[in-house]
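Let's learn to read a protein model together, one feature at a time. Take a look at the sequence and the structure first.

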Amino acid sequence: QVQLVESGGGLVQAGGSLRLSCAASGTLFTSYFMGWFRQAPGKEREFVIAISRSGSTPYYADSVKGRFTISRDNAKNMVYLQMNSLKPEDTAVYYCAAVNRPFARSLVPTSDWYNYWGQGTQVTVSS
């Protein structure tokens, strides 16, 4: 089992940057595929970005390609979401997610595949 704690959210102006962190506690961190989702008020939770267990392969939602990057430090049990060129439509609660189920590329953007979630951190982008 793994526990996830996000940090780094806040208020930023459009065009600015933020880096979110997700600290994972527990064992065998490298057995977890990691992702970030977000949920804006009145909207469903949506996939943002994810990274493979080794950290070698990222997966992006089209809406964040070229602006967001993901990385992980398996020695520190950490995942990072670097967000650049932020837009007001990026405003949402951002959730870190982990999954230790067998991999399937088609499942990466589906929230139901992930079996562990953090509590979320608020990101607000002002125009």
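**Rings, strands and a threonine**

A: Start with the rings: one aromatic cluster takes in Phe 33, Phe 37, Phe 47, Tyr 59, Phe 103, Trp 113, Tyr 114 and Trp 117. Bear in mind that this is a predicted model, where local features need pLDDT of at least 70 and side-chain atom pairs count only at pLDDT 80 or more, while totals for chains, interfaces and linings use all residues. Residues are numbered from 1 along each chain as its sequence is written, and side-chain values use heavy atoms, with hydrogens and water left out.

Q: How many aromatic pairs does the structure hold?
A: Rings of Phe, Tyr and Trp (its six-membered ring) pair if their centres lie within 6.5 Å; planes under 30 degrees apart are stacked, over 60 edge-to-face, and the rest tilted. The structure holds 12 such pairs. One of them is Phe 33 with Tyr 59, a tilted pair at 5.5 Å centre to centre and 50 degrees between the planes. Phe 33 belongs to strand 4 (residues 33-39) and Tyr 59 to strand 6 (residues 58-60), so this pair ties together parts 26 residues apart in sequence. By strand we mean a DSSP run of E, at least two residues long, numbered from the N terminus.

Q: Are Phe 33 and Tyr 59 buried or exposed?
A: Buried means under 20% relative accessible area, exposed means over 50%, and partly exposed is in between (1.4 Å probe, protein chains only). Phe 33 and Tyr 59 are both buried. Now try Phe 103 and Trp 113, an edge-to-face pair with 6.1 Å between centres and 70 degrees between planes. Phe 103 counts as partly exposed because its relative accessibility is 39%, whereas Trp 113 has 5% and so counts as buried.

Q: What sits over the ring of Tyr 95?
A: A charge sits over a ring if NZ of Lys or CZ of Arg is within 6 Å of the ring centre and within 35 degrees of the ring normal. Here the charged end of Arg 45 sits over Tyr 95, 3.9 Å from the ring centre. Likewise, Arg 72 lies over the face of Phe 29, at 4.5 Å from the centre of that ring.

Q: What is the strand order in the open sheet of 4 strands?
A: Strands of a sheet pair through backbone hydrogen bonds, either parallel or antiparallel. For two strands to pair, DSSP must find at least two bridges between them. This sheet has the order 1-3-8-7, with antiparallel pairing. Strand 1 (2-7) and strand 7 are the edges, as each pairs on one side only.

Q: Which strands does strand 8 pair with?
A: Strand 3 (residues 18-26) pairs with strand 8 over 6 bridges, and 6 bridges also join strand 7 (residues 68-73) to strand 8. Gln 82 in strand 8 is the bridge partner of Arg 19, and Val 79 is that of Arg 72. Strand 8 (residues 78-83) is mostly covered, with 5 of its 6 residues buried. Strands 7 and 8 form a hairpin with 4 residues between them, and Asn 77 in the turn has a positive phi of about 55 degrees.

Q: What does the side chain of Thr 121 reach?
A: A polar contact is a pair of N or O atoms within 3.5 Å; within protein, one must be able to donate a hydrogen and the other to accept it, and residues adjacent in sequence count only if both atoms are side-chain atoms. The side chain of Thr 121 reaches the backbone nitrogen of Gly 9 at 3.3 Å. Thr 121 is in strand 11 (residues 121-126) and is buried, since its relative accessible area is 12%.
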